[in-house]
Amino acid sequence: MKLQFWSFDVIFAMIIFGFAVTILAFVWYSINNQFSLAYGYGVSSMQIQAQTLANRLLTPGVPSSWSSLVVANNPSTWGNITIGLMGSNGVSLDKLATLESMSLYNYQATKQAMGIGFDYYIIIKYDGLSFGIGSNPYTHSALSIYVVNKPIMINGMPASMQVMLWTNTSFGVE
């Protein structure tokens, strides 16, 4: 009876079962690994870009008088600048107005000028007023939003800047 249990049929069935479990484990590991990598790198990239953009906006830009060199309705003049909002007395209202005009004229080109790959929305709260530059994520059904809050000064008065990077695409496996 002992020899019948270890017949070729049982051995063959065990090999097929082991092979099926191995394939299932490999597929499960592969899909799980792809999901983890795609989600992790996408979120990390968004976080890094948001932090970098917020810090870059709190510089004068290059050249420091970039807003006087830019023609808002001519994206070809945007190529040799780095956008920064700081002036001599905190954030410059002139630079804010120039960035807003650029964004209204050609939103996609401003993303390139600011060195980001995601959609953006910048909210400035100053002296009881609040205005936004860019594309509002809440009106575009954003799937992922990363927010950086920075205290700023405008004309010697405290204000706040909120930089949002967002996307409508999923970071998971599609």
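Guide: Two strands are taken as paired if DSSP finds at least two bridges between them. Please note that this is a predicted model. In strand E6, tryptophan 166 is the bridge partner of aspartate 119.

Visitor: How many bridges join E3 to strand E6, and in which direction do the two run?

Guide: Eight bridges join E3 to strand E6, which covers residues 157-167, and the two strands run antiparallel. E3 is also joined to strand E4 (residues 129-134) by six bridges, and this pair runs antiparallel.

Visitor: What do E3 and E4 form, and how many residues lie between them?

Guide: E3 and E4 form a hairpin, with two residues between them. In the turn, aspartate 127 has a positive phi of about 55°.

Visitor: Is a residue of strand E3 mostly buried or exposed?

Guide: A residue counts as buried when its relative accessible area is under 20%. Seven of the eight residues of strand E3 (residues 119-126) are buried, so the strand is largely enclosed by the rest of the structure. One of its residues, tyrosine 120, has a relative accessible area of 0% and is therefore buried.

Visitor: How is a pair of aromatic rings described?

Guide: The description of such a pair rests on the distance of the centres and the angle of the planes. This structure holds one aromatic pair. The ring centres of tyrosine 107 and tyrosine 120 are 5.0 Å apart and the planes stand at 25°, so the pair is stacked. Tyrosine 107 lies in helix H5 (residues 107-114) and tyrosine 120 in strand E3, so the pair ties together parts 13 residues apart in sequence. Tyrosine 107, with a relative accessible area of 15%, is buried.

Visitor: Which residue caps the N-terminal end of H4?

Guide: Serine 92 is the cap, with a side-chain oxygen 3.3 Å from the backbone nitrogen of aspartate 94. The side chain of serine 92 also reaches the backbone nitrogen of lysine 95, at 3.2 Å. Serine 92 is placed in the loop between strand E2 (90-91) and helix H4 (93-105). At 17% relative accessibility, serine 92 counts as buried. Residues up to four places away in sequence aside, serine 92 touches Leu85, Met86 and Gly87.

Visitor: Is asparagine 149 buried or exposed?

Guide: The cut-off for exposed is a relative accessible area over 50%. Asparagine 149 has 54% and is therefore exposed. Asparagine 149 is found in strand E5, residues 144-154.

Visitor: Which residues is asparagine 149 in contact with, leaving aside its neighbours within four places in sequence?

Guide: Asparagine 149 is in contact with Met161 and Gln162, those neighbours left aside. The C-alpha atoms of asparagine 149 and glutamine 162 are separated by 4.5 Å, although the two are 13 residues apart along the chain. Their side chains make a polar contact at 3.1 Å.

Notes. Residues are numbered from 1 along each chain as its sequence is written. This is a predicted model: local features need pLDDT of at least 70, side-chain atom pairs count only at pLDDT 80 or more; totals for chains, interfaces and linings use all residues. Side-chain values use heavy atoms; hydrogens and water are left out. Helices (H or I, at least four residues) and strands (E, at least two) are DSSP runs, numbered from the N terminus. Buried means under 20% relative accessible area, exposed over 50%, partly exposed in between (1.4 Å probe, protein chains only). A polar contact is a pair of N or O atoms within 3.5 Å; within protein, one must be able to donate a hydrogen and the other to accept it, and residues adjacent in sequence count only if both atoms are side-chain atoms. Contact means heavy atoms within 4.5 Å. Rings of Phe, Tyr and Trp (its six-membered ring) pair if their centres lie within 6.5 Å; planes under 30 degrees apart count as stacked, over 60 as edge-to-face and the rest as tilted.
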